[in-house]
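Work through the exercises below with the sequence and the model side by side. Try each task before reading its solution.

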Amino acid sequence: MKIIVKDSEERKDFHLTLPSALILNSFAASFLSRFLKSNGVNITSRQARQVARSLKKFKRRHKDWPLVEVNSADGDHIRITL
Amino acid sequence: MENYTLGKRIAALRREKELKQDELAEMLNVSPQAVSKWENDLSCPDISILPQLAKILGVTVDELLTGKAEIVPVVTALPEEQHKDLSDMILRIVVESSDGDTVKVNLPISLIQTVLESGMEMPQVNGSEMLKSIDISKILELAAKGVVGNLVEVDSADGDKVRIFVE
């Protein structure tokens, strides 16, 4: 998974590449569900694991899939690829 | 794909079409090394190849070169023999705010299916006033029946625009 943030004002780019195995695993899913619960999103660790599994399966067929792209009016850009 | 280089766009579109470099090369009568060079931005495809390349990759030449010409497909009900596998379908949500911000979310339908089947809510969609009333499960039902294209278009009074389409 890659997270790219481009700040147009400070002309700084931030590239974060995370190995999928580190994100899409049972431990990360449990951690994520706990984090989301504490932020008011009700998701069990089982559900988070199912999402992780589904994303993993999709990634196998569609490498570097752009999941989210945000372009702000002032030129900032955020992109999250699978 | 607007921020991709030409090479990255070719690579991404080729992968979407589940083609290997040598398969694409064969279709275009060029060497696999040439395709590799395009994808690594070491060279560019010959101008005479572009229409055929764009056709194979399922985009227009303009979209291939600029990545900007986003096609908003009209709603189409595909005949049963052309139905895509749900695991290869995408739900795109594009939000354009009145102050010029754009958010694009490309969600695999298989992921949404997992989310809905496990009884989860779609927090991002539920959190938006504009999208609260949209029933994502109905959109999935339509996708399963082969309906693709621009399924939802909402223009809010304050100028925000939301489009949901299935590809």
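**Exercise 1: a residue in a helix**

Leaving aside residues up to four places away in sequence, A:Gln50 touches B:Thr114 and B:Ser118; two residues are in contact if their C-beta atoms, placed from the backbone, lie within 7 Å. This is a predicted model: local features need pLDDT of at least 70 and side-chain atom pairs count only at pLDDT 80 or more, while totals for chains, interfaces and linings use all residues. Residues are numbered from 1 along each chain as its sequence is written, and chains are lettered from A and ligands numbered from 1 in the order in which they are written.

Task: state in which helix A:Gln50 has its place, and why A:Gln50 counts as partly exposed.

Solution.
- Step 1. A:Gln50 is in helix H3 of chain A. Helices (H or I, at least four residues) and strands (E, at least two) are DSSP runs, numbered from the N terminus.
- Step 2. A residue is buried if 20 or more other C-beta atoms lie within 10 Å of its own, exposed if 12 or fewer, and partly exposed in between. A:Gln50 counts as partly exposed because it has 19 C-beta neighbours inside 10 Å.
- Step 3. A:Ser26 is 24 residues from A:Gln50 along the chain, and their C-alpha atoms are separated by 9.2 Å.

**Exercise 2: the side of chain A that touches chain B**

Task: find which elements of chain A give two or more residues to the side that touches chain B.

Solution.
- Step 1. The contact involves 23 residues of chain A and 20 residues of chain B.
- Step 2. Helix H3 (45–61), strand E3 (66–71) and strand E4 (77–81) of chain A each give two or more residues to this side. H3(A) has the largest share, with seven residues.
- Step 3. By type, the side of chain A that touches chain B has eleven nonpolar, seven polar and five charged residues. Ala, Val, Leu, Ile, Met, Phe, Trp, Tyr, Cys and Pro count as nonpolar, Asp, Glu, Lys and Arg as charged, and the others, Gly among them, as polar.

**Exercise 3: the sheet**

Task: give the order of the nine strands in the open sheet.

Solution.
- Step 1. The order is E2(A)-E1(A)-E4(A)-E3(A)-E3(B)-E2(B)-E5(B)-E4(B)-E1(B), with antiparallel pairing. Two strands pair if DSSP finds at least two bridges between them.
- Step 2. The edge strands, each pairing on one side only, are strand E2 (12–17) of chain A and strand E1 (76–77) of chain B.
- Step 3. E3(A) pairs with strand E3 (residues 102–108) of chain B in the antiparallel sense over four bridges; A:Glu69 has B:Lys104 as its bridge partner in E3(B).
- Step 4. E3(A) also pairs with E4(A), in the antiparallel sense over five bridges, and the partner of A:Pro66 in E4(A) is A:Thr81.

**Exercise 4: the nonpolar cores**

Task: name the residues that touch the most other members of the largest nonpolar core.

Solution.
- Step 1. A nonpolar core is a set of buried Ala, Val, Leu, Ile, Met, Phe, Trp, Tyr and Cys residues joined through C-beta atoms within 7 Å.
- Step 2. In the largest core, of 21 residues, the answer is B:Leu91, B:Ile109, B:Leu111, B:Ile112 and B:Val166.
- Step 3. At least two core residues come from each of H3 of chain A and strand E2 (90–96), helix H6 (109–117), helix H8 (136–144) and strand E5 (161–166) of chain B.
- Step 4. A second, separate core has ten residues, among them B:Ala12 and B:Trp38.
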